[in-house]
Amino acid sequence: MKKVTNVFWIALALVVLAVAYGAMAPDSFAEVTGNIEGFLTTSFGWYYLLIVSVMVLFCLFFLISPMGQIRLGKDTDKPEFSYGTWIAMLFSAGMGIGLVFWGAAEPLSHFAIDPATAEPGSVEAFRESMRFTFFHWGIHAWAIYAVVALSLAYFQFRKGEPGLISATLKPLFGDKMNGPLGVLVDVIAVFATAVGVATTLGFGTIQINEGLAFLIDDIPGDNFTVQLIIIAVITVLFMISAWSGLSKGIKYLSNTNMVLAIALLVLVIILGPTLLILNMFTDSLGSYFQNIVQMSFRSAPVNGENRAWIDGWTIFYWAWWISWSPFVGIFIARVSRGRTVREFLIGVLLIPTFLSFIWFAAFGSTAMDVQQSGTDLTGLLTSEVLFGVFNELPWGILLSVVAVMLIITFFITSADSATFVLGMQSTNGSLNPANSVKLTWGIAQSLIAVILLSAGGLDALQTALIVAAFPFSFIMLMMMASFFKSVSIEHRAYKRKR
C-alpha cells in the first residue's frame with residue numbers, strides 16, 4: 001500500500017461516509033439526493049442535451065480529421081491486444097450488465113407502459129420504442145466514454161503523463177494539476193467510479209437472484225440472504241481474476257462474455273420472432289439516423305408530460321453515462337495503447353453502437369411480441385422481464401441458464417475492471433497497481449453493494465451518482481478543450497516539419 005496517494009484515502013473516506021449515510025438514514029438520503037437530482041434534471045436538462053451533442057460532434061470531427069492519424073502512444077507502438085479482444089474488453093466494461101438488465105425491459109416500457117409520445121400499445125409506440133432505445137444506448141453514450149478515454153490515452157501514452165484525469169488538464173492549468181486542484185479532480189473520478197460500480201453490482205446481484213429463482217424452485221426471488229451469498233461467491237471470483245492481472249483475468253473473461261453474449265443473441269433471434277427482429281432492426285436503424293438530430297435536442301419546453309419523460313429517460317441516461325465515464329474511460333484508455341485516434345474512435349464509437357442495436361432489436365422486439373401475444377409482462381419487475389420473456393419461448397430454461405452465466409461473467413468483468421481502474425487512480429496512475437490496493441477496492445465495492453441492498457438504498461445512491469455527474473461534466477468539457485489544444489499544437493508542428 002506504500003504507493004497510495006491522498007486520492008485513495010480521501011475517496012475511500014467519502015465512499016464510507018456516503019454509504020454510512022445511505023445505510024443509517026436511507027429515507028433522508030433518498031430525499032436529499034432526490035431533490036438535488038430533480039432540480040438538476042429540470043433546470044439543467046438543456047445543458048445535458050447540449051454538452052452530450054457537443055461530445056458527439058467532437059468525436060466525429062476527430063474521426064474524419066487529418067489529426068485522426070495521430071497514434072495513442074509513440075509512433076512505433078503497436079496495440080497490446082488483438083482487435084477482437086479489444087472490442088470484447090471495452091464492450092464488457094462499457095455496457096455489460098446493463099444490456100442484459102435493460103435489453104427487454106426498456107423497449108417494453110417505451111411500448112406498453114410509458115411511451116415517449118404515442119399511445120401505449122399502439123403501432124407508433126412499437127416503432128418509437130426501439131428508436132429511443134437505440135438513441136439512449138447508441139452513439140451518444142459511447143461518445144461520452146470516448147471523450148474521457150481518448151484524452152487519457154493520448155496524454156498517458158503519447159505525452160508520458162500519469163494515467164490520471166487531472167493529468168489531462170495540464171495544457172489548460174499547468175502545474176496546478178499537481179496540487180490540491182488535481183487531487184480534487186481525481187477524487188471526484190474515484191468516488192464516481194466506486195459508487196457507480198457498486199450500485200451496478202447491486203442491480204446485477206438482484207437479476208442473478210431472479211434468474212436463479214426462475215430456474216430453481218427452492219430459491220426465493222428478491223431475497224437478501226440469497227443476494228448476500230451471490231455477492232460473496234462473485235467477490236471471490238473477481239478477486240482471483242484481479243490478482244491474475246489485466247492480460248489474463250479480464251482478457252479471458254471479456255472473451256468469454258462475447259462468446260456467451262453472441263450465443264444468447266443468436267438463440268433469441270432463432271427462437272424468437274426472427275422476421276420481426278430483422279425488420280425492426282432495419283426499420284429502427286433508419287428511423288434512428290433520420291431522427292437523431294431532433295432527438296438529440298428534444299426538450300419539449302411547452303409539454304409538461306413529454307418533458308417529464310425526457311427528464312426520466314434521456315436526461316437520466318446522459319447523466320448516468322457521464323457518471324460512469326471516469327471508470328469506463330480510464331479502462332478503455334488503458335487497453336487502447338498503440339491505436340490511432342481514428343482507429344480508436346471507430347472501435348469505441350461505431351462498433352459497440354452497432355452491436356448494441358442488434359441486441360436491443362432482438363430482445364426488445366421479442367419482449368414486445370410476447371406482450372402483444374397476450375402475455376402481460378408489464379407487472380414484472382425490471383429484473384424479471386428478461387426471464388418472463390424466456391418463459392414464453394422454446395428452450396426457455398436453456399436461455400435463462402445462458403443469461404445467468406452471462407450476467408455473472410459481466411458482473412465479474414465489471415468488478416475486476418473497476419478494481420484495476422480504482423487502483424490506477426489511487427496510485428498516481430500506475431499501469432500495474434499493487435494487488436493489495438486492488439483487493440482493498442474490491443472488498444469495498446462488495447461491502448457497499450451488501451450494505452445498500454440490506455438498507456434498500458441502491459436507488460438513492462444511484463440518484464447520488466447522477467448528482468455527482470453534474471460537476472464531472474464540466475471536467476469533461478475541459479478535457480475536450482485540453483485535448484484539442486495539445487493535438488492541434490502537435491499537428492501544426494508536424495505540418496511545419498513536412
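Author: Let's start with the second largest pocket, which has a lining of 14 residues; Ile70, Arg158, Glu490, His491 and Tyr494 lie nearest its centre. This is a predicted model, where local features need pLDDT of at least 70 and side-chain atom pairs count only at pLDDT 80 or more, while totals for chains, interfaces and linings use all residues. Residues are numbered from 1 along each chain as its sequence is written, and side-chain values use heavy atoms, with hydrogens and water left out.

Reader: How is a pocket found, and which helix gives the most to the lining of this one?

Author: Rolling a probe the size of a water molecule over the atoms shows where empty space is left. A pocket is an open set of points on a 1 Å grid over the protein atoms alone, where a 1.4 Å probe fits, with protein on both sides within 12 Å along at least five of seven lines; lining residues have an atom within 4 Å of a point. Here H19 gives the most to the lining, with six residues. Helices are DSSP runs of H or I, at least four residues long, numbered from the N terminus.

Reader: Which residues form a salt bridge with glutamate 490?

Author: Side chains of opposite charge can pair when their charged atoms come close. A salt bridge needs a side-chain nitrogen of Lys or Arg within 4 Å of a carboxyl oxygen of Asp or Glu. Glutamate 490 pairs with arginine 158, the closest N and O atoms being 2.5 Å apart. Glutamate 490 is in helix H19 (residues 458–497) and arginine 158 in helix H8 (residues 139–158), so this pair ties together parts 332 residues apart in sequence. Glutamate 490 also pairs with lysine 159, at 3.5 Å between the closest N and O atoms. Lysine 159 sits in the loop between H8 and helix H9 (170–173), so that link spans 331 residues in sequence. Asp75, Arg158, Lys159 and Glu490 are linked in a network of salt bridges.

Reader: Is glutamate 490 buried or exposed?

Author: Buried means under 20% relative accessible area, exposed over 50%, and partly exposed in between (1.4 Å probe, protein chains only). Glutamate 490 is buried because its value is 16%, and arginine 158 is buried too. Lysine 159, at 38%, is partly exposed.

Reader: How many salt bridges are there by this rule?

Author: The count comes to nine. Another one joins aspartate 283 and arginine 127 (3.1 Å, N to O). Aspartate 283 is in helix H13 (residues 274–297) and arginine 127 in helix H7 (residues 123–137), 156 residues apart. Aspartate 283 is partly exposed at 31% relative accessibility, as is arginine 127 at 37%.

Reader: Where is alanine 300 found, and what is its phi?

Author: Alanine 300 is in the loop between H13 and helix H14 (304–334). Its phi is positive, about 45 degrees, although alanine 300 is not a glycine. Alanine 300 is buried because its relative accessible area is 14%. Tryptophan 395 likewise has a positive phi, near 60 degrees, in a residue other than glycine. Tryptophan 395 lies in the loop between helix H16 (382–390) and helix H17 (396–425), and counts as exposed because its relative accessibility is 56%.

Note on methods. Helices (H or I, at least four residues) and strands (E, at least two) are DSSP runs, numbered from the N terminus.
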